Amino acid sequence: MAVRPEWQTDSYPELRERPPWVMQEMIELEPDLVEQIVAQADTAALALLARGAGPHLTVGCGTSEHAAMGVAEMLSEAGIPTTSRESFEAALDPATSGAVIAVSHSGDTWATNEALRAARGAGTTTGLITAVAEAEATRHSDAVVVTPQEDKSWCHTVGYLSPLAAGLALSAATSGSRADAGEAKRLIAEGVAHRDAATGVAAALAGCDRLILIGSGADRIAARELTLKIEEACHLPCSYRDLETFLHGHIPACDETTGLVLIMSDRRGAGPRGQRAEQLLRASRRVGVHTTAIAVDPPADDLLDVEAIPVATSDSLPAAAASLLGTAAAVQWVAHELAIARGKNPDLIRREQTPYREAAQIHKD
């Protein structure tokens, strides 16, 4: 273990000179963690809040914003109309009806706490999903779900998956039922088992100057999270695009220096999405883009530069939850393996370097 430098006042991440990184260990514990959350999370108070008059709003920042999007997607599929906003925007223009449910893994994200304060000031009921029971955000929340594992890497993986698991449990609880914890664990375990495939994808993309991440349906959330994870883990510039949006003006900025990862796991509308995705891949390859995929039904081999990362699915879980849980580990492995391929420590998100550490202090993140 490396000696902890003076600049690092946090108790984590554990400083290491070489792999295995802490991020890897966080990914590997996720199957049991998800099973525990889905089976045991106390969602009763938050479910009661969600059953109230809506529509409701979920809020979050960074990885927690993507998890909040996932919670909104799952609640909406369960018949609880819910949308999602980034916390700062929600703080500036607070909801005055329904409930505001925040996702904050640490519970001390400034903008998310501002959104909760603003919602309460507007007379709106508030809820929270967090990993820290005594965090500041809990003081601004009427109902709280606490997940059991705080992420030990600054490149959050558990911080994304824990609230998604809580969202699955919550969406089931709103109808008085329970989600299948064993099936949720299976999806995560299968994703964790496909690290080798992610290594191959990372090798194909590591030399690119820029990556494009693409999704449709619930996969838009996973693609946004992959965009953030890659930039945090290995500092490679990335852009997220909706599947259809990419075809309307973005291709001229792509060439043989560009890599593309298409995520396809949402079973809703799979036929039309698959057809459009094939056209996107063919157009991308025509201009030299390096194409890869994370998919339940991988595209044809001639559309990809490297074998797709396979994604498990489940007919016994709601479509949004099956998609988001099924792709989570693959998304995280791609970022982790790119960090290894590019010689980066993903745990530090570059804060061992003075300019980046001071930049973080400027905005107090």
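I looked up Ile349 and noted that, at 17% relative accessibility, Ile349 counts as buried, where buried means under 20% relative accessible area, exposed over 50% and partly exposed in between, with a 1.4 Å probe and protein chains only. Its phi is near 40°, a positive value in a residue other than glycine, and Ile349 is placed in the loop between α13 and α14 (354-363); helices here are DSSP runs of H or I with at least four residues, strands are runs of E with at least two, and both are numbered from the N terminus.

The model is predicted, so I kept in mind that local features need pLDDT of at least 70 and side-chain atom pairs pLDDT 80 or more, while totals for chains, interfaces and linings use all residues. Residues are numbered from 1 along each chain as its sequence is written, and side-chain values use heavy atoms, without hydrogens and water.

I turned next to His235, whose phi is near 70°, also a positive value in a residue other than glycine, and found His235 in the loop between α10 (219-234) and β7 (238-242).

Lastly I checked for cis peptide bonds and recorded one from Pro19 to Pro20, with omega near 5°, and one joining Gly54 and Pro55, with omega about 0°.
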